[in-house]
Amino acid sequence: MSTAFFSHDDCLRHNMGPEHPECPERISTILSYIADTHLEQDLDWVRPEEITRDQLLSVHPEKYLQQLDLMEPTRGRVFTDPDTALMPDTLRAARLAAGANIQAVDMVMSSQVTNAFICARPPGHHAERSKSMGFCFYNNVALAAMRALNFHHLERVAIIDFDVHQGNGTVDIVSGDERILMCSSFQHPFYPHSHVHRQADNIVNAPIEAGCSALDYRKAIEAAWVKKLQDFKPQVILISAGFDSHKLDPMAELNLETEDYRWLTEMVTNIASDYSNDRIISTLEGGYHLKALAESVTAHLEVLNAV
């Protein structure tokens, strides 16, 4: 089988303005880089469809969805927080990104592909159940988790979030749900300054100090995650794949390099091989140095595609 690669041109139409770090070039640079390396020829390309309203309601209440619908402008931009803006094409892009996560779960669970990567935007892991923030509107990975649990009737789903910013939205949604184990690494103290000390048994936080070396980072997450994941025995693994812990990234102060993302992905694929029948769905979150992002995503994909 193969790695499904989900992408859609309309995800580039969402544009929060000049100089905004969560820009359309994040996607176009990744696409150009994997074309240059010829990796694109080895992937199973999928053009996603929009998520349905009923599927969104598995995570987000109708009142919140209506609020976003009413705020989306017919021209210009409307900010939902100081960092996060709606424009006429935003919710279309967000529905495609979320829909790609649903389709990816379906394709992996039906054994059409081994695993999947969603190269779409806007990202999702800061979106709480009833709150958009941190460039995010719908929580893509939480929607994928609910699809796996409620539609495919799995009993154990793991979420691994290695973005440099904690996925507060995902924690808000899945905290206390014993069917889900969420393992998260993030710079601390750092944005979003919330949910770090929540002690629900299914949330495994690995806060990382600014300036931490790549070797110390590896040791920290191995110690925090591996035994928990082995004991949990996930039937599928979902990844919130943020690449902004890279030492070149302008949005953070950690020191990972491309090869560290390769190592991270290998760690996850090894666990998936042992417990999840190799089933992994990975969705793009952060990463704002364009060259470092493209190189790190490519390393991530090379490992997934080698399974």
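The legends below describe close-up views of a predicted model. Local features are given for residues with pLDDT of at least 70, side-chain atom pairs only at pLDDT 80 or more, and totals for chains, interfaces and linings use all residues. Residues are numbered from 1 along each chain as its sequence is written, and side-chain values use heavy atoms, with hydrogens and water left out.

View 1. Strands (E, at least two residues) and helices (H or I, at least four) are DSSP runs numbered from the N terminus. The bond from His188 to Pro189 is cis, with omega near 0 degrees. Pro192 lies in the loop between strand 7 and strand 8, and its bond with Tyr191 is also cis, at an omega of about 10 degrees. Most peptide bonds are trans.

**View 2. Ser111, a residue with positive phi.** Ser111 is found in the loop between helix 4 (90-109) and strand 5 (115-118). Its phi is near 65 degrees, a positive value in a residue other than glycine. Most residues other than glycine have a negative phi. Ser111 counts as partly exposed because its relative accessibility is 44%; buried means under 20% relative accessible area, exposed over 50%, and partly exposed in between (1.4 Å probe, protein chains only).

**View 3. Strand 5 and its two partners.** Strand 5 pairs in the parallel sense with strand 1 (residues 3-6) over four bridges, pairing being assigned if DSSP finds at least two bridges between two strands. Asn115 of strand 5 is the bridge partner of Thr3. Strand 10 (residues 280-284) also runs parallel to strand 5, with four bridges joining them; here Ile118 stands opposite Thr283. Asn115 and Phe117 point one way from strand 5, Ala116 and Ile118 point the other way, and all are buried.

View 4. Ala120 is found in the loop between strand 5 and helix 5. With a relative accessibility of 6%, Ala120 counts as buried. Leaving out residues up to four places away in sequence, Ala120 touches Phe6, Cys11, Ile27, Ala97 and Leu284, where contact means heavy atoms within 4.5 Å. The C-alpha atoms of Ala120 and Asn150 are separated by 24 Å, and the two residues are 30 residues apart along the chain.

View 5. The twelve residues of helix 5 reach 16 Å from first C-alpha to last, close to the 16 Å expected at 1.5 Å a residue; the expected span is 1.5 Å times one less than the number of residues. Ten of the twelve residues are buried, among them Asn140, Met146, Arg147 and Leu149. His153 lies in the loop between helix 5 (140-151) and strand 6 (157-161). His153 is not a glycine, yet its phi is positive, about 60 degrees. At 61% relative accessibility, His153 counts as exposed.

**View 6. Surroundings of His60.** His60 is found in the loop between helix 2 (53-56) and helix 3 (62-71). With a relative accessible area of 1%, His60 is buried. A polar atom of the His60 side chain lies 2.9 Å from the backbone oxygen of Arg129. Beyond its neighbours within four places in sequence, the contacts of His60 are Leu65, Glu128, Arg129, Phe137, Tyr138, Asn139 and Ile173.

Note on methods
A polar contact is a pair of N or O atoms within 3.5 Å; within protein, one must be able to donate a hydrogen and the other to accept it, and residues adjacent in sequence count only if both atoms are side-chain atoms.
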